Amino acid sequence: MSAVLPSSAALYDRVRRVIPPIEWPVFVDDIDAILKLKRQRNAVILAHNYQTPEIFHCVADIVGDSLALAHKAMTVDADVIVLAGVHFMAETAKLLNPDKTVLIPDLAAGCSLADSITAQDVRLMRQRYAGVPVVTYVNTSAAVKAESDICCTSGNALAVVKSLRVPRVIMLPDEYLAKNIARQTKVEIIAWKGHCEVHERFEAADIRELREAHPGISVLAHPECPPAVVAEADFAGSTAAMSDYVARHRPARVVLMTECSMSDNVAVEHPDVDFVRPCNLCPHMKRITLANIRSALEENRHVVTIDPHVTERARWAVERMLFV
Ligand code: SF4
């Protein structure tokens, strides 16, 4: 951590494109307190791409998608990790950092995908499809990961499936991710019926309307969107892949079919790109605020723990993914 904390003016410079000046004073006190608390507690903040810009650009130390956060969580040199994201991400950080204190600012920050499946469901799938390996999206509880052969993210799902060198896999729990991957491989994919409540709301008709309203617009979609949406898009990829696409192609105008804060966070880096924003909010991601990050550090809450009966097997499934 640097010796000198950045000034409020320097921090505002980072986000002036997406936070109006009238809103900025609301954030200053919490940001200042969080920066000091991080230093006092030797803490780092990991923030997902769907976090709001005042968190993502002003207090986070490590940012990215689920895969990047999982990778970087392994290299964190700190006593405390605050996960600005949802509960399964905090569990993954804890799995990879068993000796560190991992905090999540709001215990109710869940995920419709993680809630769509239990460990017992996975055991029943294994009985039904004996011998077929289980690939589990990281958007699941540690208990579900523990029943799996290997995890995946939206960024590496295809590579993970291919790495198994089998004709058939079970891919849990996101039906749309599974179907979008199935279009790119000859491996037969058995899906579960889980959906992301943010991405399932996009429709192919939305894209057609956008193209009419904004001729020439580039449309990027997250693979948790329904296959018909992905088929209409110019590019489909994880949040990290979408961000890379904008950096590489510099489209004059772009729409990201994903959670709302993603566009704000990428727009900060690319003032020359016009972002059209028909997006959907994730109510779980939005439970994380500067105020509860501050409370988490002040009061050491909420400490993430994982059932010791599942820890080793869940960590194995995550670590195996990281080496694909
Ligand atoms: S955006 Fe979707 S997948 Fe991500 S945390 Fe929210 S509900 Fe879960």
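Predicted model: local features only at pLDDT ≥ 70, side-chain atom pairs only at ≥ 80, totals over all residues.
**Exercise 1. The overall form of the chain**

Solution. 
- Step 1: For the outline, take the box along the principal axes: the C-alpha atoms fill roughly 60 × 55 × 30 Å.
- Step 2: Inside this outline, the chain has 15 helices and twelve strands.
- Step 3: Of the 324 residues, 57% count as buried.
- Step 4: Among contacts with a separation of 6 or more, 62% are between residues 24 or more positions apart.

**Exercise 2. The surface and the charges**

State what share of the accessible surface belongs to carbon and sulfur atoms, and how far apart the mean positions of the positive and negative charges are.

Solution. 
- Step 1: The accessible surface of the chain is about 13,800 Å².
- Step 2: Carbon and sulfur atoms hold 51% of that surface.
- Step 3: The chain has 35 positive and 40 negative charges, and their mean positions are 5 Å apart.

**Exercise 3. The buried side of α1**

Find which residues of helix α1 are buried, and explain why they are on the same side of α1.

Solution. 
- Step 1: Helix α1 covers residues 8-15, and its buried residues are Leu11, Tyr12 and Val15.
- Step 2: These residues span an arc of only 100° around the axis, so they are on the same side of α1.
- Step 3: The general rule is that an α-helix has 3.6 residues a turn, so residues three or four places apart point the same way.
- Step 4: The cover over the buried residues of α1 includes α2 (24-41), α3 (53-56) and α13 (260-269).

**Exercise 4. Helix α14**

List the buried residues of α14 and name what they pack against.

Solution. 
- Step 1: In α14 (residues 290-299), Leu290, Asn292, Ile293, Ser295, Ala296 and Leu297 are buried.
- Step 2: They pack against the helices α2 and α3 and the strands β1 (43-48), β3 (80-84) and β4 (101-103).
- Step 3: After α14 comes Asn300, with a positive phi near 55°.

**Exercise 5. A loop residue**

Decide whether Thr140 is buried or exposed.

Solution. 
- Step 1: Thr140 sits in the loop between β5 (134-137) and α7 (142-146).
- Step 2: Its relative accessible area is 0%. Buried means under 20%, so Thr140 is buried.
- Step 3: Beyond its neighbours within four places in sequence, Thr140 is in contact with Phe88, Glu91, Ala114, Ile117, Lys145 and Pro173.

Note on methods:
Residues numbered from 1 in each chain as written. Heavy atoms only, no water. Buried < 20%, exposed > 50% of the residue type's maximum accessible area, 1.4 Å probe, protein only. Helix = DSSP H or I, 4+ residues; strand = E, 2+ residues; numbered from the N terminus. Arc of directions from axis to C-beta. Contact = heavy atoms within 4.5 Å. Areas by Shrake-Rupley, 256 points an atom, 1.4 Å probe, with all protein chains shown as cover. Lys, Arg positive; Asp, Glu negative; His and termini not counted. Charge placed at Lys NZ, Arg CZ, Asp CG, Glu CD.
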